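Student: I'd like a close look at one spot where two chains meet. Could you take me through that spot and then show me what surrounds it?

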There are 2 protein chains.
Amino acid sequence: MNIVLLPKNTPVQPILSITECRQIQHIQHQLKLGVGDTLKVGIRDGERYLTEIIALHAHAIDVKILKTENIPSKRAVTLVLALPRPKVLRRIVMDAVTLGVEELILIHSYRVDKSYWQSPLLAQIEDYITLGLEQAGDTIAPQVTLYKRFKPFVEDILSAMVQPRRPVYVAHPYVNTTQHHMVEPCCLVIGPEGGFIAYEIELFKTNGCQTVSLGNRILRTETAIPYILGALSI
Amino acid sequence: MNIVLLPKNTPVQPILSITECRQIQHIQHQLKLGVGDTLKVGIRDGERYLTEIIALHAHAIDVKILKTENIPSKRAVTLVLALPRPKVLRRIVMDAVTLGVEELILIHSYRVDKSYWQSPLLAQIEDYITLGLEQAGDTIAPQVTLYKRFKPFVEDILSAMVQPRRPVYVAHPYVNTTQHHMVEPCCLVIGPEGGFIAYEIELFKTNGCQTVSLGNRILRTETAIPYILGALSI
């Protein structure tokens, strides 16, 4: 946690109160901070501040705003992911948010187990976004959208995202193109475990997407996301 | 698992037997393969083959070698990591191996909890390497070394790694240099949660290392590793 995020629409006052148990415990037991220490505090979808801790109560920590700080800029990247296994959903959403994608879209595809869409963890995506923002020191949540139907998504939504200066890349382990030509801004599509099937790859291509390979090593989705965003950053 | 790795020094014969329970279960229940299907099989630190399944026994799967395949090339990168929390050690070692670093060094530093060195999970690093190789489709394990003393490591080992055409980069969130100038081959040093302390950064610098920033977003170690290797890949 590199910033403490207060809920959206928290009124901005010279003194702010942190009341969430998870955050209080982190400040006291992990960061081991006390009165007089500085702390970065932000308001979800609002400003980010450098503050000073002025009081520790049983169920609240009061901080005084010292100054407003810059929010890290977002990456001009829309990340489209085949819905991951529930077990890795938290980590993947958190990482995508930490890395600063401006939009995250979760889609169905042939090799996504249908049961994943019933997972109770899907209801926790908002919490995962908060964790990702707190790691990055960011306050602005990316837009997150879910599409349960593959073909309409590709034909109606994704095809409209293809622009001359904003390509749509589909990461696919079994093509010869490498990532050397990738540019930002862009839209990145990453498949499920086992990859997209041939029919899906064809549909992407006929709708204006470019397939790219990440090299001759097959990466897990959770590894591929930071890898490809690192490659795009130059 | 994109390749099934047999133990080091397994004799190469036209018919090979897979006898490890984890691998048999993965082939039968995840990959759902049977007699006649092809399977990539490698020998740890040896060759990689395309094979065909010829028999399924209760505790073994027999495969016939069809042809020898290319092993993915390694990255000319030595990765030096402050020993991670035991909870993320598996994932970090696995990812570093999957991404193809040719050498992995785990070191102590001020913010590494001393208890981490007592973790029973350290004894499982060999297994984590196997998992990383199986993910990547690789057979050759990187060299892995552990150094429990920070100062002698930096002064005696790391300083000797600095070469004109093979820089040593220390990733550090609080410097202004960005990763734009990074080149491969190189040695990458990544700190613990909370980063290296000022004394450690100074010691790195006086021993010829360059500090680099990964941008204005603070990444977890497990996210920083693929991110920086992606950035280096261009």
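Student: Which residue forms a salt bridge with Arg217(B), and how far apart are the closest N and O atoms?

Tutor: First, some ground rules. Residues count from 1 along each chain as its sequence is written, while chains are lettered from A and ligands numbered from 1 in the order in which they are written. This is a predicted model, where local features need pLDDT of at least 70, side-chain atom pairs count only at pLDDT 80 or more, and totals for chains, interfaces and linings use all residues; side-chain values use heavy atoms, leaving out hydrogens and water.

Now your pair. The partner of Arg217(B) is Asp138(A), with the closest N and O atoms 2.8 Å apart. That link runs between chains: Arg217(B) sits in the loop between S11 and H6 of chain B, and Asp138(A) in the loop between H3 and S8 of chain A. A salt bridge here is a side-chain nitrogen of Lys or Arg within 4 Å of a carboxyl oxygen of Asp or Glu. The H and S labels are DSSP runs numbered from the N terminus: helices (H or I) have at least four residues and strands (E) at least two.

Are the two residues buried or exposed? Both Arg217(B) and Asp138(A) are buried. Here buried means under 20% relative accessible area, exposed means over 50%, and partly exposed is in between (1.4 Å probe, protein chains only). For Asp138(A) the value is 0%, which is why it counts as buried.

Lys74(A) counts as partly exposed because its relative accessibility is 26%.

Arg220(B) and Asp95(A) meet in a salt bridge at 3.1 Å, N to O. Arg220(B) lies in the loop between strand S11 (210-212) and helix H6 (221-232) of chain B and Asp95(A) in helix H2 of chain A, so this pair joins two chains. Both ends count as buried: Arg220(B) has a relative accessible area of 17%, and Asp95(A) has 3%.

Leaving aside residues up to four places away in sequence, Gln135(B) touches Ile218(A), Leu219(A) and Arg220(A), plus Met1(B), Asn2(B), Met94(B) and Thr98(B). Contact means heavy atoms within 4.5 Å. Gln135(B) counts as buried because its relative accessibility is 10%.

Now step back to the whole interface. Chain A brings 30 residues to the contact and chain B brings 30 residues. The size of an interface is often given as the accessible area lost when the parts come together. Chain A and chain B bury about 2,800 Å², 51% of it on carbon and sulfur atoms; buried area is the accessible area (1.4 Å probe) that two parts lose on being put together, summed over both. On the chain A side, helix H2 (86-98), helix H3 (125-136) and helix H6 (221-232) each supply at least two residues. H6(A) gives the most, with six residues. By type, that side of chain A has twelve nonpolar, eleven polar and seven charged residues. Nonpolar covers Ala, Val, Leu, Ile, Met, Phe, Trp, Tyr, Cys and Pro, charged covers Asp, Glu, Lys and Arg, and polar is the others, Gly among them.
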